[in-house]
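Please read the following with the sequence and the model open side by side.

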Amino acid sequence: MSGSRRRKQQVQHHMFLRRKDILTRFMVDLGTLYLSTLGLKKTRELMRRQHVPETVIIRVLSFPGFRRTYGRT
């Protein structure tokens with residue numbers, strides 16, 4: 001296989017983020033933090049006002065333990 005060995009090693013060990021939209025990702029993280037303090041209804045309203053897609057809101061607030069970790073340990 002042709003190509004740069006260094007580039008192949010970088011790609012092999014690179015962690016790709018699934019969510020490219022940084023603002024939506026931030027709002028989802030913020031929503032999971034607010035879930036315990038504000039409650040489900042207020043957190044859902046907050047995320048809707050920030051234009052987080054409804055499918056994401058339902059998935060994240062229904063199952064907060066199954067969130068993607070993005071390399072956190």
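In this predicted model, helices α3 and α4 cross with a right-handed sense. The residues that make this contact are Leu40, Thr43, Arg44, Met47 and Arg48 on the α3 side, and Glu54, Ile57, Ile58 and Leu61 on the α4 side. The two axes come within 10 Å and cross at roughly 150 degrees. Because of that angle, α3 counts as roughly antiparallel to α4.

Which residues of α3 are buried? They are Thr43, Leu46 and Met47. Viewed down the axis of α3, these residues fall within an arc of 95 degrees, so they line one face of the helix. An α-helix has 3.6 residues a turn, so residues three or four places apart point the same way. The buried residues of α3 pack against α2 and α4. On the face turned away from the buried side, α3 carries the exposed residues Lys41, Lys42 and Arg49. Just after α3, histidine 51 has a positive phi of about 65 degrees.

Threonine 43 is worth a look of its own. This residue lies in helix α3 and counts as buried because its relative accessibility is 0%, where buried means under 20%. Leaving aside residues up to four places away in sequence, threonine 43 touches Gly31, Tyr34, Leu35, Leu38 and Leu61.

Helix α4 covers residues 54–62, and its buried residues are Val56, Ile57, Val60 and Leu61. These cover an arc of only 110 degrees around the axis, which puts them on the same side of α4. What do the buried residues of α4 pack against? Their partners are α2 (22–38) and α3 (40–49).

The axes of α2 and α4 come within 10 Å and cross at roughly 40 degrees. That angle makes α2 oblique to α4, since roughly parallel would require an angle under 35 degrees. Val28, Gly31, Thr32 and Leu35 of α2 make the contact with Val56, Val60 and Leu61 of α4. The crossing of α2 and α4 is right-handed, as is the crossing of α3 and α4.

The charged side chains come last. Side chains of opposite charge can pair when their charged atoms come close. How many salt bridges does a search of the whole structure find? The search finds 2. In one of the pairs, glutamate 54 bridges to arginine 44, with the closest N and O atoms 2.7 Å apart. This pair links distant parts of the chain, as glutamate 54 is in helix α4 and arginine 44 is in helix α3, 10 residues apart. Glutamate 54 also forms a salt bridge with arginine 48, where the closest N and O atoms are 3.1 Å apart.

Definitions and conventions. Residues numbered from 1 in each chain as written. Predicted model: local features only at pLDDT ≥ 70, side-chain atom pairs only at ≥ 80, totals over all residues. Heavy atoms only, no water. Buried < 20%, exposed > 50% of the residue type's maximum accessible area, 1.4 Å probe, protein only. Helix = DSSP H or I, 4+ residues; strand = E, 2+ residues; numbered from the N terminus. Arc of directions from axis to C-beta. Contact = heavy atoms within 4.5 Å. Salt bridge = Lys/Arg side-chain N within 4 Å of Asp/Glu carboxyl O. Axes fitted to C-alpha atoms, helices over the stretch in contact; angles between N-to-C directions. Parallel < 35°, antiparallel > 145°, perpendicular 65-115°, else oblique. Left-handed = near helix turned anticlockwise from the far one by under 90°.
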